[in-house]
Amino acid sequence: VQLQAFGGGLVQAGGSLRLSCAASGCIFSINVMGWYRQAPGKQRELVATMATGATTVYANSVKGRFTISRDNAKNTVYLQMNSLKPEDTAVYYCNAFVKLTVVTPSLGYWGQGTLVTVSS
């Protein structure tokens, strides 16, 4: 299973970016897909997740500014980031809990990360 993330870049404060991440490989189903981020010198933290049934979880710091969405047919998760702040600067990683067969448990997979830099 591979997760490929796209969409990072440099943006001014107050601007917007949209990240996308597609899962590929021998996938039976995907339960939760989401985004995490890691700023320099800090631990990786949850940004937002979405379960198959569309239940979402957001970090308090991004509520009202970021929106997560999924295209289950394409095994793809998106993160629309608006009103970006310099403190949003980080490497953003996508994550997915994947079942490879109907009988195997869900396993967590990570994408390679995409850098988001917000200038003040």
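Biologist: What radius of gyration would a compact globule with 120 residues have, and what does the protein have?
Modeller: In this predicted model, the radius of gyration (over C-alpha atoms) is 14 Å, which agrees with the value near 14 Å for a compact globule of 120 residues (the rule is 2.2 Å times the number of residues to the power 0.38).

Biologist: And how far does the C-alpha trace span along its principal axes?
Modeller: About 50 × 25 × 25 Å.

Biologist: How many helices and strands are there?
Modeller: The protein has 0 helices and 11 strands (DSSP runs: H or I of at least four residues, E of at least two, numbered from the N terminus).

Biologist: New topic: what share of the residues is buried?
Modeller: Buried residues are 38% of the 120 (under 20% relative accessible area with a 1.4 Å probe, protein chains only; exposed is over 50%, partly exposed in between).

Biologist: Which residues touch the most other members of the largest nonpolar core?
Modeller: Of its 31 residues, these are Trp35, Val47, Phe66, Leu79, Met81 and Tyr92 (a core joins buried Ala, Val, Leu, Ile, Met, Phe, Trp, Tyr and Cys through side-chain atoms within 4.5 Å).

Biologist: Which element gives the most to it?
Modeller: β9, with 5 residues. Elements giving two or more residues include β4 (29-38), β8 (76-81) and β9 (90-99).

Biologist: Where does Val1 lie, and how accessible is it?
Modeller: Val1 sits in the segment before β1 (2-6). Val1 counts as partly exposed because its relative accessibility is 35%.

Biologist: What should I know about the numbering and values?
Modeller: Residues are numbered from 1 along each chain as its sequence is written, and side-chain values use heavy atoms, without hydrogens or water. As the model is predicted, local features need pLDDT of at least 70 and side-chain atom pairs count only at 80 or more, while totals for chains, interfaces and linings use all residues.
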